[in-house]
Amino acid sequence: MARVLVADDDADIRDLVAFKLTQSGHEVTAVEDGMAALKAAREQPVDLALLDIRMPGMSGLDVCRELRAAAETATLPVIMITARSQEGDVEVGFAAGADDYIIKPFSPRELSSRVTAVLSRAER
Amino acid sequence: MIPPGFVRGALLCLPALVLALSLLIVSNRFVRRVQQRRRERRAEPVRGLLLELLCAEEDEQSELLNRLAAVDKRTWTALEPSLTALLEKVSGAARTALIRLYELRGAPEGAVADLRSHSAARRGRAAQVLGQLSHRAAEPALCRLLTDRDPEVRLVATRALGRSGGAESVAHLLESLHGSRTVPPPSVTMALVSMGPEVQRSVAAGLEHPEPLARAVAIEVLGVTGVVSRTSEIARALREDPSNEVRIKAARALGRLGMPEGLQPLLDAVAPGQPLALRIVGTGALGNLGAVSATDRLAELLGDPDRHVAGAAARSLLRLGPAGHAALHEAAAGVRGGSAAAQAGAALSEAAVQGRHDVRVEVAL
């Protein structure tokens, strides 16, 4: 079981991701914007962060950069979520330090597999 | 002269009017928020069921589907915005389950009926749902909507056909480009592109359409989707079509298709005396085409009296790999005159700043 932080301003996606990961046995903290994500990651250690790239205010990319810049979260595995129409964000996401990305539309099963894969890579 | 009493009255009325408008806006927002919360409360008890359905394995979906399909009308209405949004955001078994849920609920039939509604919003929403469900049976009804009196509805129907339409829709989409009730060409192009290879033959038939805009869109779609088998017809359009718009689209498409047959018509299209817009696009297309045998012609164009043509030639040479770069360096040294040297120098500096050169596969010609 891992502690996963989910940040997405879209309530449908946030709830779906949280539900699937909880179902898979993870402990999920779900927030709706970048600032809240950063605050949550700093207050309580997490094993993985799933960040939507496009969020109002502080974007997922900004959150990722901030996490990488801080010593205590520098190695935290990060998965970015982006829409198919914004695939150009993927390159920028990797440059910001993301470990993997998921493109919408996605299947909940695929999401769970990606999370498991990134977590097991991080454990090694 | 305006009486002073009138001015005083107007000045007193103005704040009152501003206050009334502000109250109206605030109360409108409040009512919307209350309605939204009411919808959320109503959907809340079944929202967990919906998430369970989306995350369930195929063999576990049946009971969940039946329970969700049986919810009362108000709950369904409250849940529907989430269902519609999620259709766009999930794939695989989750999306299949959502479509099945809509079917069990009789939503496609309801949406087809709603396409004839008096309300434009309702017709538009129905078209959107049918597109999202890729409901092929609605194709004829959606085609009829392409001449709807409301432009937004025509647009939604076009997008819906892009998702659910087939070869039958192509002629209707091309027809929607002209007449009194039209659809914007980029929307038609996008719809035709998203229909995929299944409609290529029907799109190619559009090359013979009497309307120039329809021919232009057909050519653009064939270029974007890479239908190389139509290169010769597109090349003919570039040489012979009476419409400049069609010829410009044909030049761009030939560049994208990258076939050797595209070279000569493009070289002819950039010659002096041809329409300026065509010369600019044709010069850019020669770079896309990637044919090194176009190097000399592009190098000549560096000194073209029109700076847009000359600039396009410099950028195209950059894309031709070593041969293009050699020509640019030669021109930058002043071999082809001052203006050619300036264009070549600017392109080389730009490439150096970017730190990369687009290297294209050289087409054997």
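Which residues touch the most other members of the largest nonpolar core? They are Ala49(A) and Leu254(B), and this core has 136 residues. Please keep in mind as you read that this is a predicted model.

**Chain A: fold and dimensions**
- Chain A holds five helices and five strands, and starting from the N terminus its elements follow the order β-α-β-α-β-α-β-α-β-α.
- With a radius of gyration of 13 Å, close to the 14 Å that the globule rule gives for 124 residues, chain A is as compact as a globular protein of that length.
- Along the principal axes, the C-alpha atoms of chain A occupy a box of roughly 30 × 30 × 25 Å.
- Of the 124 residues in chain A, 43% are buried.
- Taking contacts in chain A between residues at least 6 apart in sequence, 58% link residues at least 24 apart.

**Helix α4 of chain B**
- Residues 92-104 of chain B form α4, a helix of 13 residues that spans 19 Å from first C-alpha to last, close to the 18 Å expected at 1.5 Å a residue.
- Its buried residues are Ala94(B), Arg95(B), Ala97(B), Leu98(B), Leu101(B) and Tyr102(B).
- Viewed down the axis of α4(B), these buried residues fall within an arc of 160°, so they line one face of the helix.
- Within chain B, the buried residues of α4(B) pack against α1 (4-55), α2 (61-69), α3 (73-89) and α5 (107-114).
- The buried residues of α4(B) also pack against α5 (108-123) of chain A.
- After α4(B) comes Gly106(B), which has a positive phi near 75°.

**Where the chains meet**
- Chain A gives 14 residues to the contact, and chain B gives 14 residues.
- On the side of chain A that touches chain B, α1 (11-23) and α5 of chain A are the elements that give two or more residues.
- α1(A) supplies the largest share of that side, with seven residues.
- By type, the residues on the side of chain A that touches chain B are six nonpolar, two polar and six charged.

Note on methods
Residues numbered from 1 in each chain as written. Chains lettered and ligands numbered in written order. Predicted model: local features only at pLDDT ≥ 70, side-chain atom pairs only at ≥ 80, totals over all residues. Helix = DSSP H or I, 4+ residues; strand = E, 2+ residues; numbered from the N terminus. Rg over C-alpha atoms; globule rule 2.2 N^0.38 Å. Buried ≥ 20, exposed ≤ 12 C-beta atoms within 10 Å, placed from the backbone. Contact = placed C-beta atoms within 7 Å. Core = buried A, V, L, I, M, F, W, Y, C linked by C-beta atoms within 7 Å. Expected span 1.5 Å × (residues − 1). Arc of directions from axis to C-beta. Nonpolar A, V, L, I, M, F, W, Y, C, P; charged D, E, K, R; others polar.
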